[in-house]
Amino acid sequence: MKSHVQVAVIGGGVVGCSVLYHLTKAGWHDVVLLERDELTSGSTWHAAGGMHTINGDPNVAKLQAYTINLYKEIEQISGQSCGVHITAGIMLAATKERFEFLKMMRSRGRYLGLDMEMISVDEAARRFPLMDKKHFIGALYNTLEGHVDPSGVTHAYAKAARVQGAEVYRFTRVKDLKQRPDGTWDVITDKGNLHAEHVVNAGGLWARESGRMVGLELPLLAMEHQYIISDDIPEVAASPTEMLHVIDFDGEIYMRQEGKGMLMGTYERAGVPWSERETPWNFGHELLPNDLERIAPSLEVGFEHFPKIGQAGIKRVVNGPFTFAPDGNPLVGPIRGLKNYWVACAVMAGFSQGGGVGLSLSNWMVHGDPGADIWGMDVSRYGDWATMAYTNAKVRENYSRRFRVRFPNEELAAARPLRTTPIYDRLQAQNAVFGAAYGLEHALWFAPSKEQANEEVTFYRSNAHDIVAQECKAVREGVGLMEISTYAKYEVTGPDAETWLSRVLANRMPQQGRIALTPMLNHEGKLIGDFTVAKLAADRFFIIGSGIAENYHMRWWERHMPERGVAIRAFGAELVGLSVAGPKSRTLLQKLVKDDLSTASFPFLSFRKMEIGLVPALAGRISFTGDLGYEIWVKPEYQRTLYDALLEAGKEFAIRHFGARALQSLRLEKGFGTWAREYRPIYGPYEAGLDRFIDLRKNDFIGREAAAKEKQTGGTRRLVTFAVDATDADTIGDEPVWHDGKVVGWITSGGYAHYSKTSVAMGYIPAGINGSGKFEVEILGERRPARLCAKPVFDPDGTRMRA
Ligand SMILES: Cc1cc2nc3c(=O)[nH]c(=O)nc-3n(C[C@H](O)[C@H](O)[C@H](O)COP(=O)(O)OP(=O)(O)OC[C@H]3O[C@@H](n4cnc5c(N)ncnc54)[C@H](O)[C@@H]3O)c2cc1C
């Protein structure tokens, strides 16, 4: 065993081996993999090996397509067969909702360049004769599906890595990890120690244990999973071509050919976690006892939908554990506060995702950036609120819903409420319908009565539609009150605070008492954040950003922080907020404060400490609604008093609560983009139309050079707003944009702009396309005419917010 290496990868499952291979491919050859047993000894060896490109996050879907296309490459380098069978696949729908969901998938696939088509039930039965047509109404056909040999794939990665300089140490268990002062690691194994610059935790079933070695509790959990292999089926044996990969969503089962029979697996509703607290080290190449009772309801449906399989009998049952994160997507990337420690775990579909995970992580380690938009897999999407109990509840929920339709307006119930603010019960009393973001409850809209405080889940406009319209109207014509505690809040202090902020953010920092809006760029000049920065004193700044990205942004900032002269703190829920917005918001607030709120003394983009009623607060004249408005920040102990005071003072103006749904509608008609939708690390600031917030003439800042180049070229795409000729459903994001009959771009977010009475969609199109030609946007598989809007549909000159 080597005594010093650049990287030690822990875990010889499909994921660890993929990371090892990709590190060598990216140019790091002094890399080793440590496996406590034989390769594949975790969840990998008993996997069904199925693979497909479908994922709720299109960026993850793209990486799944990369994985499937990678197998040829590793076979060539290693000489090891991966046992690839690209059979193509069908996803069957038995209900209208499912059929619409599949149409949405097909739409997304279109802009990703994935080859999918909707087919009739007769066509599906022609291609997959084992099905009984009467249970289905149609299907999605996808050419890029099939299955692989799990062991073949894992060994092919490992061999290909070895060919390129890596070493693999089997039967070597990592027992502990100790960090040296310089951030490198002593890797303590049962075969001796190793000094590694970087450590990758690809421990699969034992990823939690390798996390605990460094004080980390990773939010993942293994679930038991069962599949059966049928006895030989004459129709399968006689078929000249291999059977398709099949997902029957309504039966909650998946299938593929295995020998002359079929493999049928299910994600049952009453899923059972395995080793909830810790994974035994002596678990190896073994299976869990079968529990056919548990999956009997799904099997019954399966045998009814596919009678030939039911008639064949069961040859073998496999029950094995594999891990999931709370949302079912992998946990990838560096850990905030832990230098040179990386994770690649909770990969629930190793044969669809393992390649993409290895590619992104190795890019990140070698080049400092994952090289793709992997927000959906980034480990930083969870904070310390993702406790073991939260993870347990969410993983069970996710498992039970694996093949269920997720509606765009659906909020999942497990592990809620977890984080609440002091006015939670006050909002409940106002019949708030809540959602959760980053574990924090926040109001989506307010129903007229308790009985109506329930949103039907649908792809169409829901029962909340008309009520949200009223909330929007109240803001635009009077005054609205909204809780804004979900935003992330930070304080940057110290003598070098301004110099540092000016280095990490792209805009000039504001004068004292003022606010600046600023994007944050990575070294490639791409958008990694979008902030409101207020200067409170020469050495004190207050920053507001996207709540779901708090950990993501803190990780970046801490890594770019000098040793002294500046400190940063994320407030989390230690600071909570309320916003009043609308033409009457100033008069309302003025009733409660001594400061002069007139535009002359507290103009748009002002920020200062203020007493509001009894409460000490920080207040800014800014609002994401695009209207006159104020954002007010207080310590939690004051929030109820502030809330009561604002409501009381607002009575005479008929103040109305509004929630996140109304805010979405209001910001869309103003053409305001938002993090994780319009602003993501695949877009540049000029492409995103943020030109006026980039100051290339100030000091040097991260991403400046790349941004300057983008300014010159104009970038390859541009963010635009469409008014869509929608009927009873609006865009939600990820729909393709058509121009003169060709797919040219995609929607990032959309919805109904109630006040403007327009269905609005924001999205990216190629920079070269001007306003001419015919645009269409796909909604639920239907191409709807769309008009390019040169200016926001509401208040294009921004006079309202500056009023
Ligand atoms: C029944 C079943 C069916 C499945 N079907 C499919 C399917 O059809 N398609 C699909 O894509 N996926 C499927 N999966 C999921 C798939 O198996 C996983 O996505 C994949 O195996 C995850 O691989 P991994 O490398 O992350 O983890 P693992 O396979 O668990 O590998 C982790 C490895 O790390 C080693 N290790 C851990 N800690 C240490 C340490 N401290 N020191 C040294 N070594 C260590 C372990 O020994 C193990 O070999 C299925 C899983 C099951 C159980």
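Visitor: Which helices and strands each supply at least two residues of the shell around the ligand?
Guide: Helix 1 (14-25), helix 10 (350-367), strand 13 (221-230) and strand 18 (314-324) do. Helices (H or I, at least four residues) and strands (E, at least two) are DSSP runs, numbered from the N terminus. This is a predicted model: local features need pLDDT of at least 70, side-chain atom pairs count only at pLDDT 80 or more, and totals for chains, interfaces and linings use all residues. Residues are numbered from 1 along each chain as its sequence is written, and side-chain values use heavy atoms, with hydrogens and water left out.

Visitor: How many residues surround the ligand?
Guide: 39 of them, and the closest are E35, R36, T44, G50 and V347. To be near, a residue needs a heavy atom within 4 Å of the molecule.

Visitor: What kinds of residues make up that shell?
Guide: 18 are nonpolar, 18 polar and three charged. Ala, Val, Leu, Ile, Met, Phe, Trp, Tyr, Cys and Pro count as nonpolar, Asp, Glu, Lys and Arg as charged, and the others, Gly among them, as polar.

Visitor: Where does R36 come in?
Guide: An N or O atom in the R36 side chain is 2.6 Å from an oxygen atom of the ligand. The backbone contributes too: an N or O atom of V15 lies 3.0 Å from a ligand oxygen. For V174, a backbone N or O atom is 2.9 Å from a nitrogen atom of the ligand.

Visitor: How much of the ligand does the protein bury?
Guide: 98% of the 1,000 Å² that the ligand exposes taken alone. Those accessible areas come from the Shrake-Rupley method with a 1.4 Å probe.

Visitor: New topic. Is strand 7 buried or exposed?
Guide: Five of the five residues of strand 7 (residues 138-142) are buried, so it is largely enclosed by the rest of the structure. Buried means under 20% relative accessible area (1.4 Å probe, protein chains only). G138, L140 and N142 point one way, A139 and Y141 the other.

Visitor: What does strand 5 do there?
Guide: Strand 5 (residues 89-93) runs antiparallel to strand 7, joined by five bridges. L92 has A139 as its bridge partner. Two strands pair if DSSP finds at least two bridges between them.

Visitor: And how many bridges join strand 6 to strand 7?
Guide: Four, also antiparallel, from strand 6 (residues 116-119). There E117 stands opposite Y141.

Definitions and conventions:
A polar contact is a pair of N or O atoms within 3.5 Å; within protein, one must be able to donate a hydrogen and the other to accept it, and residues adjacent in sequence count only if both atoms are side-chain atoms. Buried means under 20% relative accessible area, exposed over 50%, partly exposed in between (1.4 Å probe, protein chains only).
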